[in-house]
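My notes follow the order in which I looked them up.

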Amino acid sequence: MHALSPYPSNSSFNYLFHTRPSTNRFTPNRFLIKCAYGFESAGFASTRADWQTSCAILSSKVVSQDQPSSDNNGATADHVAAVNGHNAAVSDLNLVHIGNSGGTDNNKPLPPKPLTISDLSPAPMHGSQLRVAYQGVPGAYSEAAAGKAYPNCEAIPCDQFEVAFQAVQLWIADRAVLPVENSLGGSIHRNYDLLLRHQLHIVGEVQLPVHHCLLALPGVRKEFLSRVISHPQALAQCEHTLTKLGLNVAREAVDDTAGAAEFVAANNLRDTAAIASARAAELYGLQILADGIQDDPSNVTRFVMLAREPIIPRTDRPFKTSIVFAHDKGTSVLFKVLSAFAFRNISLTKIESRPHRSRPIRVVDDENVGTAKHFEYMFYVDFEASMAEVRAQNALAEVQEFTSFLRVGYGIMPNGGCWLD
Ligand SMILES: O=C(O)C(=O)C[C@]1(C(=O)O)C=C[C@@H](O)C=C1
């Protein structure tokens with residue numbers, strides 16, 4: 001049984017979604033959530049394993065039924081019509097090119113437009129029974145992050161990151177809370193890629209201390225173990241400690257930490273331990289063999305909050321804005337872009353390059369050296385300023401001059417990511 005399943009009806013599909021029962025701290029009751037355009041009834045799962053399975057939205061079902069959302073300023077997931085006054089060409093990754101965008105005499109990109117009332121939207125309703133999608137099953141750190149970002153929310157488990165994006169786009173959830181970076185393991189690249197492919201907006205950020213435990217069935221001792229399973233980030237965050245504990249075990253990656261704990265319990269595995277939270281131990285009836293096994297005691301994961309609508313950039317509290325850009329003249333533009341921020345005293349909190357997935361190689365012909373192939377990159381920069389500030393608008397206007405592709409806050413310009421923590 002799947003949590004979200006398309007049921008054919010007369011003209012469209014209905015989506016069914018079961019949230020989990022009361023073991024979830026953020027969902028005290030059983031609910032049946034239906035999408036905005038259809039209703040079906042469904043029975044609840046009779047066993048814990050059943051309802052856990054039923055709680056995970058299955059990505060294949062959602063992806064195949066992608067619907068254009070009504071809140072994307074005329075853009076669907078596949079076609080972005082315009083960005084910041086430019087007619088946009090859209091690649092297979094839904095990247096918005098601002099280079100030869102038309103609209104000016106000399107084909108130069110337009111500077112960013114000032115905010116208009118149509119760019120503004122109500123602020124998110126922090127804490128008021130929002131449905132918040134996260135990746136994993138109950139007991140996952142992402143669930144805790146959803147609760148931290150939106151206290152009293154109804155946390156909705158999704159089996160893949162992509163499904164959490166889809167859940168928001170299809171109005172099954174109001175927000176998604178997804179990890180983007182860990183202090184030990186670095187960026188969660190999958191989510192950076194998904195941010196580019198979807199039209200959701202970053203509306204906030206939370207940081208969660210991640211405290212890992214080694215979990216096993218009651219009575220199992222460390223010497224019995226031949227395998228440790230967990231989310232790849234969690235395995236990476238505990239690598240040295242596992243060795244220090246003298247564990248001669250195979251490491252196996254699974255979709256999420258709590259899912260690993262559930263798997264050990266459901267399959268009565270006496271030779272396998274899971275790395276997960278203390279809450280997962282409690283939920284799935286496992287004992288804690290070792291506590292605080294992350295290699296760094298101050299291990300922290302950064303999560304972004306995503307919504308269909310952007311938030312209003314403001315100047316009365318700290319704001320952080322995320323941009324991603326590329327340039328067809330390679331990495332030489334990076335210095336100019338960084339100067340645009342440095343010149344205006346705007347601090348950067350993150351900079352990272354990623355392969356340009358739709359155009360990974362650039363061939364350069366040099367008559368002296370011959371033909372060379374260079375890698376192409378996308379650059380991700382977070383800076384501490386709001387798009388409501390003139391200095392940020394000017395910095396971006398300048399950046400736009402140097403770049404062939406620019407996206408702000410991973411949404412349609414102008415908007416910003418609000419820094420809540
Ligand atoms: O598996 C989980 O519990 C998650 O929430 C995922 C995740 C991640 O993707 O990095 C979140 C926080 C921790 O860093 C480890 C795993």
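I looked up the open sheet: 5 strands in the order β15-β14-β16-β13-β17, with mixed pairing (strands pair if DSSP finds at least two bridges between them). The model is predicted, and I kept to its limits: local features need pLDDT of at least 70, side-chain atom pairs count only at pLDDT 80 or more, and totals for chains, interfaces and linings use all residues. Residues are numbered from 1 along each chain as its sequence is written. Helices (H or I, at least four residues) and strands (E, at least two) are DSSP runs, numbered from the N terminus.

I noted β15 (250-253) and β17 (287-291) as the edge strands, each pairing on one side only. From one strand to the next, the twist averages 30 degrees (axes are lines fitted to C-alpha atoms, for helices over the stretch in contact; angles run from 0 to 180 degrees between N-to-C directions).

I then checked β13 (residues 213-216) and β16 (residues 272-276), which run antiparallel and are joined by 3 bridges. Leu 215 stands opposite Ala 274 in β16. Helix α8 packs on the sheet, touching β13, β14 (227-230) and β16, and its direction makes about 155 degrees with that of β16 (contact: C-beta atoms, placed from the backbone, within 7 Å).

Last, I listed the ligand shell. Of its 15 residues, Ala 140, Ser 142, Gln 233, Asp 256 and Thr 257 come nearest (a residue is near if its C-beta atom, placed from the backbone, lies within 6 Å). Elements giving two or more residues are α3 (141-149), β10 (175-182), α6 (232-237) and α8 (257-266).

For the helix, I found Asn 191, Leu 194, Leu 195 and Leu 196 buried in α5 (residues 189-197) (20 or more other C-beta atoms within 10 Å of the residue's own, all placed from the backbone).

How values were computed: Buried ≥ 20, exposed ≤ 12 C-beta atoms within 10 Å, placed from the backbone. Contact = placed C-beta atoms within 7 Å.
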